[in-house]
Amino acid sequence: MKMKETHDTETKDTYDTEMKESVDGETKKKVIPIIVAVVLIIIIAAVGFGGKLVDKYSYSKELADLDAYYGAGEGELAIILQDDMLPEKAVISEDAVYFDLDTIHEYFNEGFYVDMGERKLLYTTANDTTTALFGEKSYSDQDGSHTMEMKICYSQGDQVYVAVDYILRFTNLEYEQFDRHLQVYTQWGEKQTMDIVKDTQLRIKGGIKSPILRELTEGETVELLEQMEDWSKVKTSDSMIGYVENKRLDHFYSENETPVTDYVPEEYTTVRMPGKVSLGWHAVGSVAGNDTLENMVAEAHGMNVIAPTWFSLTDNDGSFRSYASADYVERAHSYGLQVWGVWDNFNYKNETGQDVSSYQILSSTEVRQRLTEQIVETAQGLGLDGINIDFESLTEECGEHYIQFLKELSVLCRKSKLILSVDNYVPFNFNNYYRLDVQGQILDYVIIMGYDEHWHGSGNPGSVASIEYVSGGLDKTLAQVPAEKVVNALPFYTILWKTEGAQVTDQYITLNNVDDFLKRMNVTAEWDETTCQNYAQWQADGVTYQIWVEDIESIRVKLNVMSSKGIGGAAVWRLGYGTAEVWELVRAYTSL
């Protein structure tokens, strides 16, 4: 019995062992794939994470689209001015590089003038006017005709293009041409450079993922434009602007840029009075008006320039009528006076009602140049000492043509030793196309008509010339014109304003009659500190009267302000309106 039990026990143990091994085997078969799967997942995750790390910290090899970067189409070049890319483009035509006129005026030189009707490009310097015809390879100046290798200028629609090599003749500029862009310099100074110490890339922006503009090689020198914490903005020798890592830069140093040496700036000579100008306008309405010269001289103690209003434009061909007299000039000279003949664009029109278009006259090069020649020839024939231009009510579209007229006239006056002066409104933003800044460069005297703050027929009662108006106008002028060239014109008149209900009318009263007028009205004017004028207001027969008086007191304040600003003199509108006492104030001012 015991032997059987033993045998049964052994059999049972063997069975249990086999069963366990069988179960373990089955378990392993089930577990191993799971383990393998988990391991694979871990490996894949690790690879993915590592890939992301690699991707995050690896340098992009993407190349920049240079056509998109420069934004230049076929036949165009991007313009790099100094260290900035302009929105405008240069144009290539027949292997020559051109700028459009708007770009030239905006960035390089606003002196170029175009006559679209006559298809001409003009440039007036201090002593000459150079002319080029559209599509031609030659230009002309006082020395004759000159030829260039390319057409100098051409038009396409409403736009005019000028060869850069021609612009160089008149402009302090240098350029270098590359495949897609043009590097242009108009200023030179000190620049900072650094060396590339290891091969690297120039990128559009600071960052390793930014597209590559081009490769940079060890030893290459770049100009440092802006340095940041990890990257710097640089410009390469071929004028590509982008970013490079700071760790690839070393050897910081400065160097002076070499400026253009073959450009000679224009030099404007000036004919000047020996002291301050003391000018009186002589209103001459006919040849017979010349006989009043002696009366005008007797009134104006200390006057050294008389300006008779002799000439006025009569038609759109630039003709002008004249009340001039050579005998008048001789008589004025005998009194020690210079004579500046006045040319205006309105008196004949006002006298006859005949329309005269300043725009048509000034915008035609042929008419404009004929006019300037006739003005100078007339002045020389009469023995005048100077020319005074009084062109008023010009429109903004006429502005550029007016300035070209003054430039061309100044060249002829400079050669003829004639003083050239121009009358201007008090400057404001709305009339800045009269370009006092240019006038201050090319003229001998810039006269500011410091009156008509409130003007005849405006329906707006107020001072003709308050001290704030005069002083502010001079400050604006002096910001653009050298003080010694500035002359302020004083009003020897005032306006009586009449308000009846909603209707406002007015009348002129001259300075030499205002005291008698106030006495007749039994009115006493009182000093107004704001305008620095005596002011009176009264009523009669349902009408309100107002007057801001110009008298010896108001003129004294104006002259004191003028003296404090150190300007070149005084003018008076007009002779016959003043008094000996007021002229004595002017004489004292101009003799300082």
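## The second largest pocket

Two or more lining residues come from each of helix 3 (101–108), strand 4 (112–115), strand 5 (120–124), helix 10 (399–416) and helix 11 (436–442). Helix 10 gives the largest share, with five residues.

The space in this pocket comes to about 610 Å³. Sorted by class, its lining holds 14 nonpolar, nine polar and six charged residues.

The mean pLDDT of the protein is 93, and 91% of its residues reach 70 or more. Residues 1–6 are another matter: their pLDDT is below 50, and this stretch has zero contacts in the model beyond near neighbours in sequence. Where pLDDT is low, the predicted coordinates should not be read in detail.

## The largest pocket

What volume does the largest pocket have? The value is about 1,000 Å³. Its lining is made of 37 residues, and Glu 392, Met 449, Tyr 451, Asp 452 and Tyr 508 are the closest to the pocket's centre.

Several elements each supply at least two residues of this lining: strand 24 (338–344), helix 7 (347–352), strand 26 (419–425) and strand 30 (503–510). By class, the lining of the largest pocket counts 21 nonpolar, seven polar and nine charged residues.

## A closer look at Thr 124

Now let us visit a single residue. Thr 124 belongs to strand 5, one of the elements that give two or more residues to the lining of the second largest pocket. Is Thr 124 buried or exposed? Thr 124 counts as buried because its relative accessible area is 3%, and the cut-off for buried is under 20%.

Which residues does Thr 124 touch, leaving aside those up to four places away in sequence? They are Thr 129, Glu 266, Tyr 268, Gln 404, Lys 407, Glu 408 and Val 411. Two of the neighbours are joined to Thr 124 by side-chain polar contacts: Thr 129 at 2.9 Å and Gln 404 at 2.8 Å. For a sense of distance, Phe 108 sits 16 residues from Thr 124 in sequence, and their C-alpha atoms are 15 Å apart in space.

Key: Residues numbered from 1 in each chain as written. Predicted model: local features only at pLDDT ≥ 70, side-chain atom pairs only at ≥ 80, totals over all residues. Heavy atoms only, no water. pLDDT = per-residue confidence, 0-100. Contact = heavy atoms within 4.5 Å. 1 Å grid on protein atoms, 1.4 Å probe; cavity = no way out; pocket = protein on both sides within 12 Å on 5 of 7 lines; lining within 4 Å. Points joined across faces, edges and corners; volume = space filled by probe spheres on them. Helix = DSSP H or I, 4+ residues; strand = E, 2+ residues; numbered from the N terminus. Nonpolar A, V, L, I, M, F, W, Y, C, P; charged D, E, K, R; others polar. Buried < 20%, exposed > 50% of the residue type's maximum accessible area, 1.4 Å probe, protein only. Polar contact = N/O pair within 3.5 Å; in protein donor to acceptor, adjacent residues only side chain to side chain.
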